[in-house]
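Welcome, and thanks for taking a look at this one. Here is a short note to read alongside the sequence and the 3D view.

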Amino acid sequence: GNKKYNLVAFIENLNKDWAVKEFEYRFIINGEVLDSQKAFLNPGESKFLIKLAYELDKSIKNIEIETGNLYWRRYSNDTKVVEWSLTDIKFVPISNNVPAQVFWKAQNKSLFDLRQVIFQIALFNGNKLIAVNEIQASDFMSLDKKELDSIFWYSLPRVTETQVFSIFNWI
């Protein structure tokens with residue numbers, strides 16, 4: 001049948017002095033190489049590389065990720081950092097035909113107005129990742145606070161942990 005998969009890889013930059021200004025990555029599914037995509041990674045940042053709703057007629061037996069064309073940039077102390085506060089993260093399971101949702105509060109703690117910010121939402125059962133989603137928030141003004149949410153339209157196993165990441169290239 002027609003199957004959809006969320007492809008996910010967790011990455012982190014342990015280096016506090018260097019950013020990956022840009023790099024390319026691609027998923028390889030059952031030996032088939034998917035199209036390359038571009039991303040960035042700020043100093044000390046953790047996030048997911050995600051391809052949502054990838055369609056494949058057969059089950060996935062092998063998944064790999066390949067990275068390349070990394071362009072490093074040294075972070076200097078005078079670079080303006082965009083800082084976030086993500087609080088009150090709450091998972092609400094599906095009930096009475098209302099889909100499962102994650103709610104949180106986000107605050108742009110910097111002095112910069114941001115046109116668009118991506119938030120990644122990850123749900124875990126123990127240490128096993130069970131669901132991911134991404135949303136975009138627009139017009140996040142300096143020191144602005146917003147209440148945000150993400151909907152999960154499918155049934156989920158028990159959720160024991162919820163994580164939210166803000167994704168914005170501040171280098």
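1. Before we start, a word on the ground rules. This is a predicted model, where local features need pLDDT of at least 70 and side-chain atom pairs count only at pLDDT 80 or more, while totals for chains, interfaces and linings use all residues. Residues are numbered from 1 along each chain as its sequence is written, and side-chain values use heavy atoms, with hydrogens and water left out.

2. Three strands in the order E10-E9-E12 form an open sheet with antiparallel pairing. Strands here are DSSP runs (E, at least two residues) numbered from the N terminus, and two of them pair if DSSP finds at least two bridges between them. E9 and E12 run antiparallel and are joined by 7 bridges. Strand E10 (128-140) and strand E12 (161-167) are at the edges with a single partner strand each, so one side of each has no neighbour in the sheet. Direction ignored, neighbouring strands of this sheet are turned by 20° against each other on average; the axes behind such angles are lines fitted to C-alpha atoms, and angles run from 0 to 180 degrees between N-to-C directions. As background, strands of a sheet pair through backbone hydrogen bonds, either parallel or antiparallel.

3. Now for another sheet. It is open, has 3 strands in the order E7-E8-E11, and its pairing is antiparallel. Strand E7 (84-92) and E11 take the edges here, each with a single partner strand, so one side of each is left without a neighbour in the sheet.

4. E7 pairs with E8 over 7 bridges in the antiparallel sense; Trp84 stands opposite Asn108 in E8, and Thr87 has Lys105 in E8 as its bridge partner. E8 also pairs with E11, again antiparallel, over 8 bridges, and Ala106 stands opposite Lys146 in E11. Of the 9 residues of E8, 7 are buried (buried means under 20% relative accessible area, exposed over 50%, partly exposed in between, with a 1.4 Å probe and protein chains only).

5. What sits in the largest nonpolar core? A nonpolar core is a set of buried Ala, Val, Leu, Ile, Met, Phe, Trp, Tyr and Cys residues joined through side-chain atoms within 4.5 Å. The largest one has 21 residues, and Trp104, Phe119, Ile121, Phe140 and Leu148 touch the most other members. Strand E8 (100-108), E9, E10 and strand E11 (145-152) each give two or more residues to this core, and E9 gives the most, with 5 residues. Another core lies apart from it, with 14 residues that include Ile11, Phe23, Leu34 and Ala39.

6. Please also look at the largest pocket, which holds about 290 Å³ of space. Among its 18 lining residues, Lys38, Phe40, Lys47, Ile118 and Ile167 are the closest to its centre. On a 1 Å grid over the protein atoms alone, a pocket is an open set of points where a 1.4 Å probe fits, with protein on both sides within 12 Å along at least five of seven lines, and lining residues have an atom within 4 Å of a point. Strand E2 (18-29), strand E4 (37-41), strand E5 (46-56) and strand E9 (114-125) each supply at least two lining residues. By type, the lining divides into 10 nonpolar, 3 polar and 5 charged residues.

7. Two backbone angles deserve a glance. Asp88, found in strand E7, has phi near 50°, a positive value in a residue other than glycine. Leu143, in the loop between E10 and E11, also has a positive phi, near 65°.

8. Finally, two loop residues. Gly44 is in the loop between E4 and E5 and is partly exposed, at 32% relative accessible area. Gly44 and Asn15 are 29 residues apart in sequence and 5.6 Å apart in space, C-alpha to C-alpha. Pro99 is in the loop between E7 and E8 and counts as buried, at 16% relative accessibility. Pro99 and Trp84 are 15 residues apart in sequence and 27 Å apart in space, C-alpha to C-alpha.

Definitions and conventions. Grid points are joined across faces, edges and corners, and a volume is the space filled by probe spheres set on the points. Helices (H or I, at least four residues) and strands (E, at least two) are DSSP runs, numbered from the N terminus. Ala, Val, Leu, Ile, Met, Phe, Trp, Tyr, Cys and Pro count as nonpolar, Asp, Glu, Lys and Arg as charged, and the others, Gly among them, as polar.
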